[in-house]
Amino acid sequence: MAIRRAMSGRIMDRTAVVGARYMSSWWRSVQPAPKDPILGVTEAFLADQSADKVNVGVGAYRDDNGKPVVLECVREAERRIAGNLNMEYLPMGGSVKMVEETLKLAYGENSELIKEKRIAAVQALSGTGACRLFADFQKRFCPDSQIYIPVPTWANHHNIWRDAQVPQKTYHYYHPESKGLDFAAMIDDIKNAPNGSFFLLHACAHNPTGVDPSEEQWREISHHIKAKGHFAFFDMAYQGFASGDPEKDAKAIRIFLEDGHHIGIAQSYAKNMGLYGQRVGCLSVLCEDEKQAVAVKSQLQQLARPMYSNPPVHGALIVSTILSDPDLKKQWLKEVKVMADRIIGMRTALRGNLEKLGSPLSWQHITNQIGMFCYSGLTPEQVDRLTNEFHIYMTRNGRISMAGVTTGNVEYLANAIHEVTK
Amino acid sequence: MDSVFASIVQAPEDPILGVTAAYNKDPSPNKLNLGVGAYRTEEGKPLVLNVVRKAEQLLVNDQSRVKEYLPILGLAEFNKLSAKLILGDDSPAIQENRVATAQCLSGTGSLRVGAEFLAKHYHQRTIYIPQPSWGNHVKVFTMAGLSVKNYRYYDPTTRGLNFQGLLEDLGAAPAGAIVLLHACAHNPTGVDPTVEQWEQIRQSMRSKGLLPFFDSAYQGFASGSLDVDAQPVRTFVADGGECFIAQSYAKNMGLYGERVGALSIVCKAADVASRVESQLKLVIRPMYSNPPIHGASIAMTILKNSDMYNEWKIELKAMADRIISMRKQLFDALSAKGTPGNWSHIIKQIGMFTFTGLNSDQVAFMTKEYHIYMTSDGISMAGLSSKTVPHLADAIHAAVTRCC
């Protein structure tokens, strides 16, 4: 702005003007960006010197010692990979093998849809990348459409569809009074949305609330979405992590497939294979037939090419090595169940501790909710007190990452929560 | 239920990656893939550098390593070392904390993140790219929200640089416009400005307040020297002005599929760089949250260990030397055959690619009759070996004399 004003005032002396611009930064007016609400929490945690500090912020799994975990099946896969393969570019659509195995997880091991080649699928940069690719695809091919996003949702969902320039609306989801699902309002929103709207659904282990529809509720949701001709897009970041059984966690998706929806799915291996930083995921879009799937896949590739050309090979190799080896796959399923079980155990422990302390509030929701997160119901002010007085780090929406809870800190955590809520 | 995407048509094959696809389908034993710019050994095999294998083993054997999310901007040490690599160890811009660096997905990712940042924060939405340029440049910048114009670059009559045209076009660009510069080993022509020409370009651009955006995909690969290949970037930074730099480790470290790269934004002041850095995060988070850890860890391991760094320089020079040797051999073969035309551009051009000057009919002829796979623009010299040079020379000779 200052530069433009300077220009108009000095038309005569153009060289001096451009010289002046050359001397100052182009970026003076760039504002400092707000910290990412989720990732900023871990930054603050790391900076804290206190010995008691607890990180229940970012959704990355921790073992009972509070340590990050690399799955044994992953270590073994890496040993097999290292030194053996070259690092050539993958195709734009990524590792075919990895994608094949990944579709089986979501659509079913013996899915007819896979056999009929009706699914357009590409390797993506974990869940984020899959959602962004879909959002760009939606923008390009359904430019008049909008996306309905649940309230609340993972904060980055809003950023993704915004940067893809797809208009957003919200639908009711979380019911604060019951700390459960606001089912009636959700169905109303589905009915009231213009026909052919796009709906973002969390396939399992809703982030950040941990509140999932029951099977019956999913059937009703499917029915109403179908009646309105809406498009169902599933973000499945926690398959296996919710119940411990990947098949069970895919139930919502399978219901929609049975009902004949042509869905889209974003899958991530960040949590269920512990491959966070490897950025491995998959975007799939179910089409009418093989021809359409080929066309859609080619268009998805056209969107990936100007973003990163082709996806990273290492993480995809780990996934395909594990899933195509029956023994390693079995081992993986065991290790996923261990993680899920530990979290379920911590839910029980946290609720138990709070009740033992004689908390006047109901903490049922801790064990009713599922997956990595517990929507505690704590207010931002209470969260701030937890951080400032007790060195407990979580996002200000009261979301507790249960993965960060251990037998070593669950009592401390319960005490602190009790202190700020009594 | 009808699909909402029922009317979607199949996208055309990517012209560059489509070449390899066609090559793979060809059953001929004489087929030659001179398409995608990935290095090949004398035996025509992909190459993983020894030093890269070493780094890989160190990583896999290190039980303390975890797979946690990287920060949004990636590995901090990798970023510092990448900035040093392109700007020089003693760069004042680095010493003064004026460089904001983000680990990105190879060159493509670095370009895209930089372009989206520009579309958000810069007052000029037009980027000038050389004619011709890497095919994906237009798509990257357009998707990011910039509009693309061309400046003259390649002169088909000399098969060299159209320097006058370049200066005229940049001179006519609106003040503040963004200009894409290939730092070295221009893709696809192999034609680079001389040191003197770079100096004139720099002066002209700075006097017009044009913003340089360097694409550095071949540092060390062009001349064999990391420092020599970085000179154009360094002279721009030395004048104190601002610029963007997209770096790739795909070719010079052979890390292709691992997607290792970095975007550096050189700013006038440290506090500006810090704010710019914070805004880069907002571009990246909704794209892929944080970058992949594996490849950058390998690169960082090599960059920070002086023995490994020296090993790398030696292996890099060997790759560059082999390509230079292929150029010489092809030129000699065509001279020996008396192939009509002036082929000196083959040895004057630099880097992985050669703009042959052949037309698309001749290229189609070479594909059909000699099973040579190349883009209609040029040849990836990295795909040649001493054994296959004669076959290519035959094909070019035939195309020039018998066809079109």
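1. The lining of the largest cavity draws its largest share, three residues, from helix H7 (residues 126-141) of chain A; helices are DSSP runs of H or I, at least four residues, numbered from the N terminus. This is a predicted model, in which local features need pLDDT of at least 70, side-chain atom pairs count only at pLDDT 80 or more, and totals for chains, interfaces and linings use all residues. Residues are numbered from 1 along each chain as its sequence is written, chains are lettered from A in the order in which they are written, and side-chain values use heavy atoms, with hydrogens and water left out.

2. The volume of the largest cavity is about 320 Å³. A cavity is a set of points on a 1 Å grid over the protein atoms alone where a 1.4 Å probe fits but cannot get out, and lining residues have an atom within 4 Å of a point. A volume is the space filled by probe spheres set on the points, which are joined across faces, edges and corners. Among the 25 lining residues, those closest to the centre are Trp154(A), Asn207(A), Tyr238(A), Lys271(A) and Tyr69(B).

3. The second largest cavity holds about 170 Å³. Of its 15 lining residues, Glu78(A), Leu59(B), Arg65(B), Lys67(B) and His294(B) are closest to its centre. H2(B) gives the largest share of this lining, three residues.

4. Between the chains, 88 residues of chain B are in contact with 90 of chain A (heavy atoms within 4.5 Å). There are five salt bridges between them, each a side-chain nitrogen of Lys or Arg within 4 Å of a carboxyl oxygen of Asp or Glu. Glu68(B) pairs in this way with Arg62(A), the closest N and O atoms being 2.7 Å apart.

Key
1 Å grid on protein atoms, 1.4 Å probe; cavity = no way out; pocket = protein on both sides within 12 Å on 5 of 7 lines; lining within 4 Å. Helix = DSSP H or I, 4+ residues; strand = E, 2+ residues; numbered from the N terminus.
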